[in-house]
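Dear colleague,

Please find below the structure that I promised to pass on, followed by my notes on what was found in it. I would be glad if you read the notes with the structure open beside you.

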Amino acid sequence: MIDEDFTKSLLDKHSYLTQRESIDWFTVECPGSELVSFVKAMRDDEGFELLIDLTAIDHGEGAECRFSTVIHLYSLVHRGYVRIHSLCLDNDKPSMPSVSDVYPAANWHERETFDMFGIHFSDHPNLKRILMWDEYPHFPLRKEFPLAGIDTPLPAADVVEVTKASVEPAPMMGGPFVSSNSGPISDSEPRAKDESWTERKEKPL
Amino acid sequence: MSTTTKEISVGDIGARGAEANTKLDGDKMALNVGPSHPTTHGVLRLIMELNGDLIEKCEPVLGYLHRGDEKIAENMTYNQFVPYTDRLDYLAPLSNNVAYALTVEKLANLEVPPRCQAIRVLVCEMARISSHLLGMGVFGMDAGAWTPFMYTFTEREKLYTLFEELTGARFTTSYTRIGGVARDIPEGWLGRVEKFVDQLPKAIAEVEKLLTRNRIFLDRTEGIGEISKEDALAYGLTGPNLRATGIDLDLRKDKPYSGYEQYDFDVPIGTKGDCYDRYLVRIEEVLQSIRIIKQVIKDFPTGAWYAEDAKKIFAPPKEKILSSMEELIQNFMIVTEGPQIPAGEVYFEAENPKGALGFYVVSKGGGVPYRMKIRAPSFCNLSILEKLAPGHFLSDITVILGSLDFVMGECDR
């Protein structure tokens, strides 16, 4: 188990860390500039051999620091996890140093995070999209991206010429239905969460 | 018309082959496998660079089954997402359901009663058997042995009949609810499960007779796709693929959840981490799952099968909704607003047949998650392929893919 002695010594050793309150695992906030050296120290000195997960959170367009990355490390010695939050300081061009040199497992996770959030991982060996196709222009897990999707041209020009096909958003009629638990009572009726357009309402431009 | 004869000398065939080989060296071929190809077990595409028959580079291309599950999760209530978890690792939907429910329960600080925990352990282990049966059968098929697949599939069919009786569906079960399960186990069902696990070792023994000491199977799997301990950790492998390298990491033992600490079972580990070891580990895991199932059935707890005090999370049984006002309101609130989960963040992993399936949920309160990340074991297990495939022959790639036992539904999400 990860005990208090361990967490205290970790915070003493790395003065740039700030502890975060968490209901499950020991959680720290690490500035992006120190991230690579910190995870290297975690792997080499503290026995956190497994990078379990790397992802990001979009805190919404109004947030001071819009994007942050979250790393979960697992230790076979302690049999426990440590969670590392790092804020991306630039909201328009979010970036974060890549930890794929330390943990090769991060390679694909960082590609996915780049694909979904548009966070640039500097010094990544092969930073390109992994789930969406290479030419896809949007970052789907950003909060402003609608659930239905956005009109997008297909990358294959020859196919488009014959079929006139493109990627079209799917109207969200029929669910998922969610009611909001705040605001006026007229809003609390269950409705499809993304109603930016339906059959009755024109698609916003 | 005159004919002339000329003597042709045909030298040593081996020498000619070697000469041809040196001539070919440097002429590389790009080969595209998939996305629709039987060996890729779904829609995985591999772009390979071949030198003769030797793989020099292998680049997996994913995303052909990407459905945006994480985006969908942000737009619906916690309960509405349960059916989507079926479609992650669709060969073991029951254990995905359980992993998801446990994550949200952990965030809500909710403990389910012992009977519910026992049901969950039982279905998880049955799902593990079902997934490994398919994994082993298909692996044999990838290595050229058709028959074992028929045996394992017959057994899996019996499991599916049991699943159908329990959940109403054979494939996409959606059985677990946050704070409980969809319904209690049917009358006499435990006896039928016990009957099934009693006859299963005999069927496994038959598969073993066909594969484990089979010369052809051994030649094709032993020493192929060897993963070292260091590589396995560096690439974040989990599940049988990690244990086959000799690392003892099983979340059921390390961080017991849902009452796994009460049951006695062994964690099989391999020594070399090659394709054969991965096969052996899966065989042994099936036998260990049988052990767990027998213990669960022997000491099956009575009492409630859902958390009765979780009034804002678990919808009450139908007959109470139809007869009592309070339960009606409770049900209405849960259906429309979703289960009320406190703000916070939580990460939970469960030991699924394919590896550690993790959910990272960020909640700002209310019935809808703010962000949900699904840590798919198949995604991480596949990432080693770029390192693993080079140096093997093209014919080995089918065996390597089969032994990694991944599911693209989970990999692409």
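**Strands and sheets**

In chain A, A:Gln19 stands opposite A:Val28 in strand 2 of chain A, where strands (E, at least two residues) and helices (H or I, at least four residues) are DSSP runs, numbered from the N terminus. Please bear in mind that this is a predicted model, in which local features need pLDDT of at least 70 and side-chain atom pairs count only at pLDDT 80 or more, while totals for chains, interfaces and linings use all residues. Residues are numbered from 1 along each chain as its sequence is written, and chains are lettered from A and ligands numbered from 1 in the order in which they are written.

Strand 1 (residues 18-20) and strand 2 (residues 26-29) of chain A pair in the antiparallel sense over 3 bridges, pairing being assigned if DSSP finds at least two bridges between two strands. These two strands of chain A form a hairpin with 5 residues between them. Strand 2 of chain A is also joined by 4 bridges to strand 5 (residues 80-87) of chain A, and these two run parallel, with A:Phe26 having A:Val82 in strand 5 as its bridge partner.

Chain B has an open, antiparallel sheet of 3 strands in the order 6-7-8, whose edge strands are strand 6 (344-352) and strand 8 (371-375), each of which pairs on one side only. The twist in this sheet averages 10° from one strand to the next, with angles running from 0 to 180 degrees between the N-to-C directions of axes, which are lines fitted to C-alpha atoms, for helices over the stretch in contact. Strand 7 (residues 355-363) of chain B pairs with strand 8 of chain B over 5 antiparallel bridges, and B:Val361 stands opposite B:Met372 in strand 8. Helix 4 (residues 93-108) of chain B lies across strand 6 and strand 7 of chain B, running at about 150° to strand 6.

**Helix 3 of chain A**

Why does the length of helix 3 of chain A agree with what its residues should span? Its 12 residues should span 16 Å at 1.5 Å a residue, and its end C-alpha atoms are 16 Å apart, the expected span being 1.5 Å times one less than the number of residues. The helix is mostly covered, with 12 of its 12 residues buried; a residue is buried if 20 or more other C-beta atoms, placed from the backbone, lie within 10 Å of its own. The buried residues of helix 3 pack against strand 3, strand 4 and strand 7 (120-122) of chain A, together with helix 15 (377-382) of chain B. Just after this helix, A:Gly118 takes a positive phi of about 75°.

**Contact between the chains, and the core**

The contact takes 35 residues from chain A and 38 residues from chain B, two residues being in contact if their C-beta atoms, placed from the backbone, lie within 7 Å. The largest share of the side of chain A that touches chain B, 6 residues, comes from strand 3 of chain A.

The largest nonpolar core has 157 residues, and those with the most contacts inside it are A:Leu51, A:Leu73, B:Val104, B:Val123 and B:Ile400; such a core is a set of buried Ala, Val, Leu, Ile, Met, Phe, Trp, Tyr and Cys residues joined through C-beta atoms within 7 Å. Helix 5 (residues 114-142) of chain B gives the largest share of this core, 15 residues.

With best regards
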